[in-house]
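Visitor: I have a structure to go through with you. Could we look at it together?
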Amino acid sequence: MRSGLIIGKFYPLHLGHLSLIEFGIKQCDQLHVLICAADTEYIPGEIRLKWIQLSFGNDENVLPVLYNYSESELPNTSVSSKEVSKVWAQKIKNIISTIDVIFSSEPYGEYLAEYLNCEHIYFQPDRKSFPIHASSIRNNSNSFWEYIAPAARPFFVKKIIISGTESTGKSTLTKRLSQHYNTSMVPEIGRDVVPETEVCTREHLHLIAILHAQKIIEEQQKATRFLFIDTDINITRSYSRYLFKEDLTVEPWIDEANTGDMYLFLESDAPYIQDGTRLDQLRRNELSLFHKEELSKRNISFECITGNWQERFDKSVEIINAKWIQRQ
């Protein structure tokens, strides 16, 4: 049985990595994919392991192995080095017992093969098919989105949360932005659970928090670059304080799902429209202050959006583009 090895950080996993792994699969009976995750890197090794498992889960000959290490104990360099490779070769021997061939696109593959007494096969050292480096994706995932492995893309989706009190155009803006950027959105769940604010109960708020977080997780898997979210858990918390004068406690996974990369807060200077389900205009404006206090209490910075409906859309696009699109 011919046993192969591919070693890398997969930080993150991209199409070049997938092509390298597919190349290795064809030339050995068993392919170990060693994921080396340093303690100084912001993407946990467990997440990178999952990306490879999702990408090759149906191939029983692909054996992903996670190795978490401390940079203070093992050398780490982006440049191929015989000295560094010798140290790593000793460590690899302790992790994987049998290696017949190493596949890589870098000179370090030659060095490792020498110390591990095995064959080395180069794969596209010129990177012509996939001219991408993982560092480029980390620095600007939006510009290099198409090179990110499908399994890794949800991690890089920017979650943009549209906040504000009632009758400020949140639902309309969320939909328009998702269409403008050709991506997914998460609608407000509240109206599906409770028909009008005046009859809302504590139990309603807990159910809203759960269902909304589940929808965020679901849509994040489908999104392209951005995910636009109408309202979040902090607004639901604010309703709890405003209506019932008590805090809303939720499980950690709900907070994690609701963590946004940008918050757009729609001010209450928009025309008030009473659709029969909302608070009156005075209380609607009062609720806006509660929402801002909740975000500030949690050290969440937000961009205030004012003006008519078109101005709100234009300003939102300007802010988003300035942060992520015009960096290209």
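Visitor: Which residue in E2 is the bridge partner of serine 3?
Guide: Glutamine 30 is the partner of serine 3. Please keep in mind that this is a predicted model. The pair belongs to a parallel arrangement of strand E1 (residues 3-8) and strand E2 (residues 30-38), which are linked over 6 bridges.

Visitor: What is the strand order in the open sheet of 5 strands?
Guide: The order is E3-E2-E1-E4-E5, and the pairing is parallel. Strand E3 (62-69) and strand E5 (119-122) are at the edges; each has a single partner strand, so one side of each lacks a neighbour in the sheet. On average, neighbouring strands of this sheet are turned by 25° against each other, direction ignored.

Visitor: And which strands does helix H2 lie across?
Guide: Helix H2 (residues 45-56) lies across E2 and E3, and its direction is at about 175° to E3. Helix H4 (residues 108-116) also packs on the sheet, where it touches E1, strand E4 (101-104) and E5. The angle between the directions of H4 and E4 is about 170°.

Visitor: Changing topic: how many residues of strand E8 are buried?
Guide: In strand E8 (residues 226-230), 5 of the 5 residues are buried, so the strand is largely enclosed by the rest of the structure. Both of its faces are covered: one side carries Phe226, Phe228 and Asp230, and the other carries Leu227 and Ile229.

Visitor: What joins E6 to E8?
Guide: Strand E6 (residues 158-164) runs parallel to E8 and is joined to it by 5 bridges. Within this pairing, lysine 158 has phenylalanine 226 as its bridge partner in E8. Strand E7 (residues 184-186) also pairs with E8 in the parallel sense, over 3 bridges. There, leucine 227 of E8 stands opposite serine 184.

Visitor: What about threonine 231, is it buried or exposed?
Guide: Threonine 231 is buried, with a relative accessible area of 8%. Its place is the loop between E8 and helix H10 (233-244). Although threonine 231 is not a glycine, it has a positive phi of about 75°.

Visitor: Where is phenylalanine 10, which also has a positive phi?
Guide: Phenylalanine 10 is in the loop between E1 and H1. Its phi is about 50°, and it is not a glycine. The relative accessible area of phenylalanine 10 is 3%, so it counts as buried, for which the cut-off is under 20%.

Visitor: Which peptide bond is cis, with omega near 5°?
Guide: It is the bond from tyrosine 11 to proline 12. Proline 12 is placed in the loop between E1 and helix H1 (15-25).

Visitor: Next, what is arginine 153 in contact with, sequence neighbours aside?
Guide: Leaving aside neighbours within four places in sequence, arginine 153 contacts Trp145, Glu146 and Ile148. Arginine 153 is part of helix H6 (residues 153-156). Its C-alpha atom is separated by 9.5 Å from that of tryptophan 51, which is 102 residues apart from it along the chain.

Visitor: Finally, how many helices and strands does the chain have?
Guide: The chain has 13 helices and 10 strands. Its C-alpha trace spans about 75 × 40 × 35 Å along the principal axes. Of its 328 residues, 49% count as buried.

Visitor: How far apart are the mean positions of the positive and negative charges?
Guide: They are 2 Å apart, for 36 positive and 44 negative charges. As for the surface, the chain exposes about 16000 Å², of which carbon and sulfur atoms supply 48%.

Methods: Residues are numbered from 1 along each chain as its sequence is written. This is a predicted model: local features need pLDDT of at least 70, side-chain atom pairs count only at pLDDT 80 or more; totals for chains, interfaces and linings use all residues. Side-chain values use heavy atoms; hydrogens and water are left out. Helices (H or I, at least four residues) and strands (E, at least two) are DSSP runs, numbered from the N terminus. Buried means under 20% relative accessible area, exposed over 50%, partly exposed in between (1.4 Å probe, protein chains only). Accessible areas come from the Shrake-Rupley method with a 1.4 Å probe; for residues, only the protein chains shown count as cover. Lys and Arg count as positive and Asp and Glu as negative; His and the chain ends are not counted. The place of a charge is taken as NZ of Lys, CZ of Arg, CG of Asp or CD of Glu. Two strands pair if DSSP finds at least two bridges between them. Axes are lines fitted to C-alpha atoms, for helices over the stretch in contact, and angles run from 0 to 180 degrees between N-to-C directions. Contact means heavy atoms within 4.5 Å.
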